[in-house]
Amino acid sequence: RLEALGEVQECVDMIHYYVDQYAQNRGYAQKMGALSPGEQTLSILKPYGVFVVIEPFNFPLALAVGALAAALVTGNTAVFKLASATPWSAQNLLECFREGGIPEGVVQMVQGGGAEVGQALVRHPRAAGIVFNGSYDTGMALLREFAVGGPWARPCLVEMGGKNPGIVGASADVGKAVTATWKSAFGLSGQKCSALSRVLVQAAIADDFLGRLEAAVAGLAVGDPVHRETFMGPVIDARAVERYVQALAQARTRGGRILLGGADIRRERPELAHGHFVAPVIAQLPHDHPLTGQELFLPFLQVTTVDTIAEALAMANDVPYGLTAGIFSRDEDEIAYFLEHIEAGCTYVNRPTGITT
């Protein structure tokens, strides 16, 4: 519920941001330097044409509006597709554009499940650019096929997944770090590309940190997300539940163990039997465990103990993902080391509302 309320405001912020950028840059028509008095040199950005926008289920309004607003304000048209799990969000968004005065045909929407719909858009000869938010495998394939696979290079903007690390140093404010950890790991049932997937905690405070974290997560309210008191709603579909069950089984191998969660919450609470509800999980896994390199998109947090911040940074960077990362520390040298060496696009320091989100 809280995420949904914030998402609508983010749509408004996105539109204002891109409109302001366009105005500040005078429509991207910029006068450049001249080598002689009679010379005039201009840099002008012109529309590409039709942008294909493919966005996922988890933030179906904000992610779509962010891409569409940027394309439209710079004079492009757009065809967009949301995940098949969120068709009503797509329909309502299209109606908002129409009611707001966007001319007929400037924004068009397609619906449908399976890969064939997306492939038809990507391979259409009129597609001049693409914006995609989704999995690592699909994003890399799009870069190869769309960006450089044709007779000329085309803009291909892909935001892929994350296996986002949070580092908790021995000098950290443990209470704030615990709160930031469970908020990042289990908000929106872990279904964010920026969600905390791995927490790397220094051994000196590991027992204290884990004890407080387990107590906090055990108290999280799981249920109908319409209710104000609910923190964690269901996962998106039956395939996500199956992925959850498989991850639990895998976590119990190769030296891993489940510290909290894993029970079938739908059996324990009959009122949740109708939906795709799962319990938040904390698993203690070694760094070389197979799950370390897999984006699960689930309320599943991996905990690994480290001796030093340098060791934590090496582990944090040892995956193909690099979306977000965070640290809790009161040591300025450790913070500087983290900011210098972390390989992530969005980095946070001592952020109590979410260590990676």
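Author: The lining of the second largest pocket has 16 nonpolar, 11 polar and 7 charged residues. Here Ala, Val, Leu, Ile, Met, Phe, Trp, Tyr, Cys and Pro count as nonpolar, Asp, Glu, Lys and Arg as charged, and the others, Gly among them, as polar. This is a predicted model, where local features need pLDDT of at least 70, side-chain atom pairs need 80 or more, and totals for chains, interfaces and linings use all residues. Numbering starts from 1 along each chain as its sequence is written, and side-chain values use heavy atoms, without hydrogens and water.

Reader: Which helix gives the largest share of that lining?

Author: Helix 1, with 4 residues. Helix 1 (2-24) and helix 6 each supply at least two.

Reader: Switching topic: at what angle do helix 6 and helix 7 pack?

Author: About 50°, with the axes 9 Å apart, for helix 6 (residues 174-186) and helix 7 (residues 203-218). Helix 6 and helix 7 are therefore oblique to each other, as angles under 35 degrees count as roughly parallel, over 145 as roughly antiparallel, 65 to 115 as roughly perpendicular and the rest as oblique.

Reader: Left-handed or right-handed crossing?

Author: The crossing of helix 6 and helix 7 is right-handed.

Reader: And which residues meet there?

Author: From helix 6, Val174, Gly175, Ala177, Val178, Thr181, Trp182 and Phe186 meet Ile205, Asp208, Phe209, Arg212, Leu213, Ala216 and Val217 in helix 7, where contact means heavy atoms within 4.5 Å. By class, the residues of this contact are 10 nonpolar, 2 polar and 2 charged.

Key: Axes are lines fitted to C-alpha atoms, for helices over the stretch in contact, and angles run from 0 to 180 degrees between N-to-C directions. A crossing is left-handed if the near helix is turned anticlockwise from the far one by less than a right angle, and right-handed if clockwise.
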